[in-house]
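Colleague: I'm new to reading protein models, and I'd like to learn how you go through one. Could you walk me through it?

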Amino acid sequence: MLKKSLAVAAIAAAAISGVAQAAAARDYISIVGSSTVYPFATVVAERFGRSTPFKTPKIESTGSGGGLKLFCAGVGVQHPDITNASRRIKKSEQQRCVKHGVKEIVEVKVGYDGIVVANSRKAPRFNLTRKDLYLALAKLVPGPDGKLIDNPYTNWKQVNPALPDIKIEVLGPPPTSGTRDAFDELALGGGAKKIPDLKKLRGLKADKAGEIKALMAKLGIPMSVYDSIAKKKGKAPKGKDIFKVVAYSIREDGPFIEAGENDNLIVQKLEATPTALGIFGFSFLDQNADKVQGSTIDGVAPEFESIADGSYPVSRPLFFYVKKAHVGKVPGIPEYVAEFTSERAWGDEGYLTDKGLIPMPKAERAKYAADARNMTPMEMFK
Amino acid sequence: MTSPADRKPIDVVRASLKKRYARERRFRFLGQLAVFSGVAFVGILFITIILNGYTAFEQTDIRMDVYFDEQMIDPQGTRDPQVLLQGDYAGLVKAALRKEFPEVRGRRDKRKLYRLISSGASSRLQQMVMDDPGLIGTTQSLWLVADDDVDMLVKGHIDRTLPESERRLNDKVVGWIEKLESEGRVEKRFNTTFFTAGDSREPEMAGIAGAAAGSFYTLLVTLLLSFPIGVAAAVYLEEFAPTNRLTDLIEVNINNLAAVPSIVFGLLGLAVFINFFGLPRSAPLVGGLVLTLMTLPTIIIASRAALKSVPPSIREAALGVGASKMQMVFHHVLPLAMPGMLTGTIIGMAQALGESAPLLMIGMVAFIVDIPGGPTDPSTVLPVQIYLWADSPERAFVEKTSAAIMVLLAFLMTMNALAVVLRKKFERRW
């Protein structure tokens with residue numbers, strides 16, 4: 001009995017000392033953040049681990065918001081060193097960072113990701129506009145009298161006579177996904193801007209409360225929306241705030257189907273249902289070009305070149321953020337950043353483009369690479 | 001017509017007999033149908049997984065004549081390991097490919113040509129030279145790992161007859177591969193990488209060893225904690241604890257705990273073990289602690305059932321010959337209950353092995369290349385590896401996902417079979 005309890009005590013002591021060591025220092029880089037940047041960051045991390053004496057960084061896919069939350073939680077080895085994001089850091093997140101002592105952050109833009117609307121190769125290719133997407137998928141659309149009503153459309157032909165006579169059925173990511181945020185903003189928001197009243201509303205500044213309210217009445221938006229935003233922000237809302245609430249929401253009555261975070265699943269479902277459309281990242285289209293085809297949006301097909309030069313309208317920049325206070329504390333951070341920002345990684349013919357990353361123009365790459373090399377912190381909202 | 005009064009009881013029975021037989025037949029049929037549909041679903045699941053995954057146990061290799069050029073590895077001829085580590089091994093592979101296809105000109109075509117061989121091949125050459133520097137200056141005929149796109153084409157997952165624009169590999173690349181095939185330089189060989197390597201973003205370099213090691217450490221921690229705690233709790237509650245309101249309450253709550261969704265334990269682990277105690281994220285230690293919470297109720301309930309099944313006569317006999325209560329429990333009851341406790345523990349462990357939801361919260365869903373060497377190194381576990389691969393864009397990960405599921409199922413079946421064997425072998429009936 002005594003021997004046994006001694007053994008147990010020894011194991012416990014060993015475990016505790018091991019943990020204490022692990023907590024005191026970390027010899028690998030810890031990265032969190034966006035699931036969109038994850039496939040690119042992991043490739044860099046793997047090459048970095050293989051070609052340098054440093055350990056391979058650990059990368060968690062937590063989503064952009066979750067990543068920034070962990071990143072801004074403080075300075076110290078228990079907090080991540082780098083976070084990936086499929087959008088720029090928000091003002092509120094910067095304030096949270098500063099509050100927790102993360103005062104210097106280096107922002108690195110890595111390239112672009114296109115969001116595609118695709119269907120099976122068995123069906124003809126769709127030629128859509130952002131306005132079509134808005135009218136087909138938004139929760140509220142203008143009715144015959146100009147007032148916003150619950151989306152009545154069930155068939156693509158009703159949305160635009162040029163489109164085929166097919167039931168609207170779109171598979172897309174859930175609201176927790178960065179892809180969904182970007183789609184709401186770029187495709188739906190972009191389409192809503194084509195409606196004159198909504199465009200006017202979007203342009204109104206906060207001091208024109210009277211005009212905003214008049215337009216809201218014209219569009220049939222309840223005044224409670226205005227009041228609730230005013231209460232949340234603590235000041236008078238801009239027209240754009242109202243616009244976001246109205247335009248960035250997807251209908252929930254059936255034609256839009258949340259298919260989960262797994263883009264492979266959407267591709268498989270599209271293959272099985274040739275009449276359906278699916279929304280996912282460009283890299284999945286690139287890998288499955290034999291099964292699905294990307295619809296043209298505003299006349300531009302989702303291709304490598306068109307996303308890189310900005311003519312394809314539904315694309316977004318990708319970033320990662322480095323905690324400067326950790327440089328020198330955790331080994332390998334500058335080297336990892338250098339690998340990511342090297343031409344052989346993110347260049348026009350780098351290995352990241354093989355994985356579907358759309359590179360930035362050369363001048364922009366040079367600027368961000370220089371900032372990353374010198375670890376120039378970004379300007380922060382205080 | 002006979003009036004009801006004339007009918008004897010035996011007539012009534014006879015009349016209903018047919019109905020009763022029919023009812024029994026129907027019930028038997030429904031039961032068989034239920035069993036059959038259950039087996040059919042499991043069969044379909046297994047067949048699809050095996051059909052999708054069996055090809056992952058093979059990997060396409062390409063035989064290349066690689067010249068270990070001293071100029072590219074060690075220009076000064078020092079043979080210093082530091083210098084050898086820095087050599088341009090990717091360049092060796094490229095040179096071998098250029099020699100095989102001298103007609104390929106132009107930057108774009110050459111890039112496509114270089115992509116026939118996996119980027120992992122260079123680390124293998126590096127390892128070979130580190131092990132035996134005498135290779136420098138010689139030409140070796142080696143089987144090098146092909147890129148995942150080539151692998152998919154050779155295995156027939158990419159249709160060669162499709163129009164060029166719908167394929168990942170264009171006609172020129174397919175032509176090169178066909179030339180290599182006709183020379184017998186392309187072969188499908190057993191995929192050892194899959195069992196020895198950690199995760200990778202290149203499907204042909206990815207393996208499950210890292211996740212398997214992570215699962216091992218996690219389960220080790222779980223076992224070391226949950227078995228003693230579970231058995232001690234069960235023994236105390238069953239043999240020593242007084243029956244009163246408090247023990248009733250504890251009993252009810254143990255049953256409640258068994259029904260708590262596993263993600264809740266993950267949140268608890270995040271709040272307590274990581275945020276409060278400051279244990280490292282993504283470590284099997286924390287994973288094991290969380291899974292301990294999850295498996296404890298299973299083990300306690302199974303252990304109590306095992307203790308209950310030991311007949312009271314054993315206890316009375318032990319006490320009757322003068323054993324103390326403690327001696328009675330530890331010398332007589334516990335050994336007899338042990339097989340049942342072990343069965344419960346193995347089933348609890350199998351449950352823990354297949355769990356991924358609580359590990360999401362504590363950072364074990366991560367890309368980790370290095371194989372963990374201990375319970376505090378960052379790692380993932382098998383179900384998480386399956387989840388990560390299922391979410392990867394590369395086509396070749398589809399079969400890897402199914403193969404990893406097969407490995408996980410094999411482990412689960414072994415554990416469950418072990419539980420059955422233990423029960424059969426050591427079970428005592430009274």
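Modeller: By the cavity rule, three cavities of 30 Å³ or more turn up. This is a predicted model, where local features need pLDDT of at least 70 and side-chain atom pairs count only at pLDDT 80 or more, while totals for chains, interfaces and linings use all residues. Residues are numbered from 1 along each chain as its sequence is written, chains are lettered from A and ligands numbered from 1 in the order in which they are written, and side-chain values use heavy atoms, with hydrogens and water left out.

Colleague: What counts as a cavity, and which residues line the largest cavity?

Modeller: Rolling a probe the size of a water molecule over the atoms shows where empty space is left. On a 1 Å grid over the protein atoms alone, a cavity is a set of points where a 1.4 Å probe fits but cannot get out, and lining residues have an atom within 4 Å of a point. Points are joined across faces, edges and corners, and the volume is the space filled by probe spheres set on them. Here the largest cavity holds about 50 Å³. Its lining includes Q287(A) and D290(A) from one chain, and D149(B), M152(B) and R395(B) from the other.

Colleague: What do the buried residues of α12(A) pack against?

Modeller: Among the partners are β4, β10 and α13 of chain A, together with α17 of chain B. The buried residues themselves are D263(A), N264(A), I266(A), V267(A) and L270(A). They cover an arc of only 160° around the axis, which puts them on the same side of α12(A).

Colleague: Now sheets. In which order do the three strands of the open sheet in chain B run?

Modeller: Strands of a sheet pair through backbone hydrogen bonds, either parallel or antiparallel. This one has the order β2-β1-β3, with antiparallel pairing (strands pair if DSSP finds at least two bridges between them). β2(B) and β3(B) stand at the edges, each with a single partner strand, so one side of each has no neighbour in the sheet. The twist averages 40° from one strand to the next. Seven bridges join β1(B) and β2(B), and V66(B) stands opposite Q140(B).

Colleague: Is Q59(B) buried or exposed?

Modeller: Buried, at 3% relative accessibility. Q59(B) sits in strand β1 of chain B. V145(B) is 86 residues away in sequence, yet 7.4 Å away in space, C-alpha to C-alpha. Beyond four places in sequence, the contacts of Q59(B) (heavy atoms within 4.5 Å) include V145(B), D151(B), E187(B) and K400(B).

Colleague: Where does T380(B) lie?

Modeller: In the loop between β4 and α17 of chain B. T380(B) is buried too, with a relative accessible area of 3%.

Note on methods: Buried means under 20% relative accessible area, exposed over 50%, partly exposed in between (1.4 Å probe, protein chains only). Helices (H or I, at least four residues) and strands (E, at least two) are DSSP runs, numbered from the N terminus. The arc is that of the directions from the helix axis to the C-beta atoms. Axes are lines fitted to C-alpha atoms, for helices over the stretch in contact, and angles run from 0 to 180 degrees between N-to-C directions. On a 1 Å grid over the protein atoms alone, a cavity is a set of points where a 1.4 Å probe fits but cannot get out, and a pocket is an open set with protein on both sides within 12 Å along at least five of seven lines; lining residues have an atom within 4 Å of a point.
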